[in-house]
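Let's take a walk through this protein together.

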Amino acid sequence: MTTYDDALASLQAAGRLPSVSAAVARGGAPVWQGCVSVLPDAAVTDASAYRIGSITKTLTAVLVLQLRDEGRLRLDDPIGRVVPETGYAAATVRELLAHTAGLQSEPAGPWWERVDGGTFDELTTGNDGTGRVAAAGEFYHYSNLGFALLGEAVARLSGASWWEVVQERLLGPLGMGATSYHPPVDHAPGRSVDHFAHTLSAEPHSDTGAMAPAGQLWSTVGDLLRWADFLATGHPDVLSAATLAEMAEPVPPAPAYGLGLRLLRVGDRALVGHTGSMPGFQASLFVDRGTRDAVVALADATTGLGPDRVPGRLLAAPDDPPAAAPAPWRPSPRPVPAAVAEVLGVWFWGNTAFGFEWVGGVLQAHDLRTGGLEERFLPEGDGFLGIEGYHRGERLHLRRRADGSVGHLECATFVWTRTPYDPRAPIPGGPADPA
């Protein structure tokens, strides 16, 4: 097993990822590609497509800079010059690219990432400018809405839809044939992981409509390595290296964001790229523009990948291997036993919160302050038996109320309640207010 394989296995186990694919390039040349999948109902490989979320923004930003280099708009133009009906007409192109225009994070209305989106006219009607959170240039405030405005400007100046422009001016010249608007046949399914039960839930694959320029696209780790190297070197038919260098400079007051690109420092490396998330997916793409070393990782989990940490794990020097990979995390099968399901969640021992989770057929109790594993129990009869921790060999009892619900847990006089010091539970000498 290579060190890259070990690192990927560690990311999967630590993040509770149903599947994760990754690829690494050194000096612009792909050197490794891999996938770990424990999905019980889908065949996913390192050739499968995942949703890339806000990595989409980097494509939108490149299109905007193409138009600037062609003299069709300026970075200090107000977006209203191209899209006059928006309530944010005074925001400049530069401010929108760098998230310094003061726009709110999300558009008004339903959660745009989870529903099929409407037209740009509908987006404009629902976002009239009253959602502004800051004055232009006051501080960095990430805005998905801002990139919808930029995408509409690209479409209007190009005389075609945003997606048609992406295909013609980016994907075609760069040979990125595995990047798509909708999920292709071979795609990872969007999944979220229940924090306590460790079961999987399906997430929607929505068509985000007018919000597409902010996070719609699907791609593979192979295609995205091409995109990462383009961000380092440029392409004569797409964008020059000089303009990409301009995009990679921080735009005050944004401390670590350029013109549509995130700036990330890992050790002595200065990386550019972006992270991404959509319901059921997370993504990470970063490249060292000096060395052309790049890393891409795609996961079908709403949380857990830690996209900012991926480059540090997968771009580690080959002679500095990570610790041996742990056993893969695996989801719990459905249904969770009824006696287990009613115990899962947050319980308090006094004022101390514990999370009771169902992991591989074992009930585990984690201290929520430290994240440390404190206890492990196996189901036994109408309760549980401690197999690890302070209560090893002792029985955990489910104490029920008159209506049959579990009122508290009890193990050798230790009592856990759903709220701190629940007065309905037998906890002697409850807390007193400090003098």
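Where is the place of T60? T60 has its place in helix α2, helices here being DSSP runs of H or I with at least four residues and strands runs of E with at least two, numbered from the N terminus. Before going on, a word on the ground rules: this is a predicted model, where local features need pLDDT of at least 70 and side-chain atom pairs count only at pLDDT 80 or more, while totals for chains, interfaces and linings use all residues. Residues are numbered from 1 along each chain as its sequence is written, and side-chain values use heavy atoms, with hydrogens and water left out.

Back to T60. With a relative accessibility of 0%, T60 counts as buried; that word means under 20% relative accessible area, exposed means over 50%, and partly exposed is in between (1.4 Å probe, protein chains only). Skipping neighbours within four places in sequence, T60 is in contact (heavy atoms within 4.5 Å) with F147, L150, G151, V154, W162 and P213.

Not counting residues up to four places away in sequence, L59 touches V166, L170, L171, L217 and W227. L59 and L261 are 202 residues apart along the chain, yet their C-alpha atoms are separated by 9.8 Å.

Helix α2 (residues 56–69) packs with helix α6 (residues 162–174) at an angle of about 75°, and their axes are 11 Å apart. That angle makes α2 roughly perpendicular to α6, a label for angles of 65 to 115 degrees; under 35 counts as roughly parallel, over 145 as roughly antiparallel and the rest as oblique. The axes are lines fitted to C-alpha atoms, for helices over the stretch in contact, and angles run from 0 to 180 degrees between N-to-C directions. On the α2 side you'll find T56, L59, T60, V62, L63, Q66 and L67, meeting W162, V165, V166, R169, L170 and L171 in α6. The residues of this contact divide into nine nonpolar, three polar and one charged, with Ala, Val, Leu, Ile, Met, Phe, Trp, Tyr, Cys and Pro counted as nonpolar, Asp, Glu, Lys and Arg as charged, and the others, Gly among them, as polar.

Now for the core. In soluble globular proteins, nonpolar side chains tend to be buried together. A nonpolar core here is a set of buried Ala, Val, Leu, Ile, Met, Phe, Trp, Tyr and Cys residues joined through side-chain atoms within 4.5 Å. The largest one has 82 residues, and L97, W227, F230 and M247 touch the most other members. Helix α8 (residues 221–233) gives the largest share of this core, eight residues. M247, leaving aside neighbours within four places in sequence, is in contact with A61, V62, L65, L239, G258, L259 and L261. There is also a second, separate core of 21 residues, which includes V20, L264, V295 and A299.

Over to helix α1 (residues 3–15). Its 13 residues reach 18 Å from first C-alpha to last, close to the 18 Å expected at 1.5 Å a residue; the expected span is 1.5 Å times one less than the number of residues. Because 10 of the 13 residues of α1 are buried, this helix is largely enclosed by the rest of the structure. Its buried residues pack against β1 (19–26), β2 (29–37) and α10 (310–314). Just after α1, R16 takes a positive phi of about 55°.

H198, not a glycine, has a positive phi of about 60°; it sits in the loop between β4 (191–193) and β5 (200–202) and is buried, with a relative accessible area of 2%. T413, also not a glycine, has a positive phi of about 75°. T413 lies in the loop between β17 (406–411) and β18 (414–417) and is exposed at 69% relative accessible area. Look for cis peptide bonds as well: one joins P252 and P253, with omega about 5°, and another joins R334 and P335, with omega about -5°.

Finally, zoom out. The protein comes to 11 helices and 18 strands, and buried residues make up 52% of its 435 residues.
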